[in-house]
Structure formats: C-alpha cells, structure tokens
Amino acid sequence: MIEFNNVSKDFSGKQAVSNLNLSIPNGKIFGFLGPNGAGKSTSIKMLTGILPVDSGSITVNGMDLTTHTLKIKQSMGYVPDRSDIFLRLKGMEYLNFIADMYQVPSEIRQSKIENLTKSFGIYESLNDHIQTYSHGMKQKIVVAGVLLHDPDIWILDEPLTGLDPKSAYKLKEMMREHADKGKIVFFSTHVLEVVEQICDEVAIINRGRLQFHGNMSEMKQKFKENENLEKMFLELTENG
Ligand SMILES: Nc1ncnc2c1ncn2[C@@H]1O[C@H](COP(=O)(O)OP(=O)(O)OP(=O)(O)O)[C@@H](O)[C@H]1O
C-alpha cells in the first residue's frame, strides 16, 4: 500500500502538487491520469525519492519514505518519462549493471535478460550503444531493466509512449500479471483510453490537485455529475 498524506511541492512559488492525499492498494493496476503539466511526474519523483516533499509525507507499507528510503527504493522499479540515461553503455552493459546493483543471481540473469529483451524485440541490439537506440528502444531497455530485478512496486511514467503495439500489448499483459500477484503497478498517462483499457483504479489530477479517485464505473458516474470533470475528460480524449 502506498499513501500520499497531504503532500505538496512547489517550484519557485508555483505549486506543482497541492495537498495530495492518495491511497494505492496492493493488487491493483493504478492509473494516474491528468493533462500535461498536471503534476503527475512531480508526484512520481517524490514517490521515488528523487524530489523531496515540501510538506506532508509518503508511506509505503506503513513505512515513511524519508526514514526507510533505501528499503523502500529496493522494492521499487521506476521507468521515467524520459529515458536518456546511461547512453554511453551498450544495452547488455546497462542490464548487467542493473542486475549487479540489485543483486540478480547470476544463474538466472542471462535467461531473464534473453527472455525480456526477446519479448520486446531488442535482443539483437544488446551489443549496440544505447545512444544509437530509437526512443521506443530506450524505453524498452529501461522497462527490461526494471523487470529484471522483479521489484514489488512498478512505477511507470507514461510507459507506453513510443512503444510499438506489440510491445505495448506485452507490457500491459505483464502489468496485469504483476497486479494479479498482489503487487502494485502505478503508472501515469495523459491518455484516457489507456486507463480505460487496463486500470482497476484511477486518480485524476489537474493543476496539482486531486480531482477524483475511484474505479472505472465510479469515474464515468462522476463525469456525468460534474461538468468540469467531464470537460477535462473531453480534453484528455482529444489529447489522446
Ligand atoms: N524542475 C521544475 N522546475 C520548475 N517547474 C517545474 C519543474 N518540474 C515541473 N514543474 C512544473 O510543475 C508543474 C507540474 O509538472 P509535472 O511535470 O509534474 O506535470 P505532468 O503531469 O507530469 O505533465 P506531463 O504529462 O507533461 O509530463 C508544471 O507546471 C511544470 O511546469
């Protein structure tokens, strides 16, 4: 269970996230939906410990993130929205680096790397430098790196952007399997359709403020009752 308790963050006086309260239960695919600039990435960066919160707190399984940082980080796998990291490494070097960092046992490492990268269609490119990869391939190698160490909590910021339909389908399937094992998949998107396809729960954020949190049928009901939310729904659909 992940909990944001009254979390706020501002950048030079501009509030990016305001008093966010959110509970994300285990065993769910949780979609974090909002238009560009809504505060999704900022919330995710606070959850992954990259940005400190200005006020409020975040807990994971009851443990405070600021006091149990390392333990919590070890249980998380994070795919950022821009994957321009470790460009000088070859794909295989990057995956081995991740495997070393998270102590993936050597007996299973090679077969895991092979299975994951074959299923995303990048196996043949593992000896090329990441800087020669397309955006989609960079996205795939980062996703493969996360899945390689098999963390309990997957945090994926706009994970499907740039993926070809086959890889997107594969990743959605993996998200479902992971949630069905009682684990958490937390992902952000600005595309409503993606949320409708795969999420068990959704939270909508706009201008740093939580607008809604519930399941799909509750979301549709809420749109009917609330004209502003429905307007945003239309914007999100258009943007998608
Ligand atoms: N490092 C930063 N410095 C200043 N302002 C920032 C910074 N990061 C984010 N912001 C601002 O905070 C607000 C929320 O941004 P954030 O990136 O969290 O939104 P988002 O919902 O992830 O958007 P997108 O879908 O475009 O990635 C925006 O107004 C953004 O301009």
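This is a short tour of a predicted model, going from the ligand to the sheets and then to the helices. Residues are numbered from 1 along each chain as its sequence is written. As the model is predicted, local features need pLDDT of at least 70 and side-chain atom pairs count only at pLDDT 80 or more, while totals for chains, interfaces and linings use all residues.

**The ligand**

The shell consists of Phe 11, Ala 16, Gly 34, Asn 36, Gly 37, Ala 38, Gly 39, Lys 40, Ser 41, Thr 42, Asp 81 and His 190. Three of its residues, the largest share, come from helix α1 (residues 40-47); helices (H or I, at least four residues) and strands (E, at least two) are DSSP runs, numbered from the N terminus. By class, the shell has three nonpolar, seven polar and two charged residues. Here Ala, Val, Leu, Ile, Met, Phe, Trp, Tyr, Cys and Pro count as nonpolar, Asp, Glu, Lys and Arg as charged, and the others, Gly among them, as polar.

Next select residues 2-11 and 55-60, which are strands β1 and β4. They pair (at least two DSSP bridges between two strands) in the antiparallel sense over five bridges. Ser 8 has Ser 55 in β4 as its bridge partner. Move on to β5 (residues 63-64), which runs antiparallel to β4 and is joined to β4 by two bridges. Two residues lie between the strands of this hairpin, and Asn 61 takes a positive phi near 50°.

**The six-stranded sheet**

Now show the open sheet, whose order is β6-β7-β8-β3-β9-β10, with mixed pairing. Its edge strands, β6 (76-79) and β10 (209-215), each pair on one side only. Within the sheet, β7 (residues 153-157) and β8 (residues 184-189) run parallel and share five bridges. Look for Leu 156 opposite Phe 187 in β8.

**Helices α4 and α5**

Finally, select α4 (residues 106-119) and α5. They pack at about 140°, with axes 10 Å apart; axes are lines fitted to C-alpha atoms, for helices over the stretch in contact, and angles run from 0 to 180 degrees between N-to-C directions. Which residues of α4 meet α5? They are Lys 112, Ile 113, Leu 116 and Thr 117, which meet Ala 144, Leu 147 and Leu 148, contact being C-beta atoms, placed from the backbone, within 7 Å.

Key. A residue is near a molecule or strand if its C-beta atom, placed from the backbone, lies within 6 Å of it. Two residues are in contact if their C-beta atoms, placed from the backbone, lie within 7 Å.
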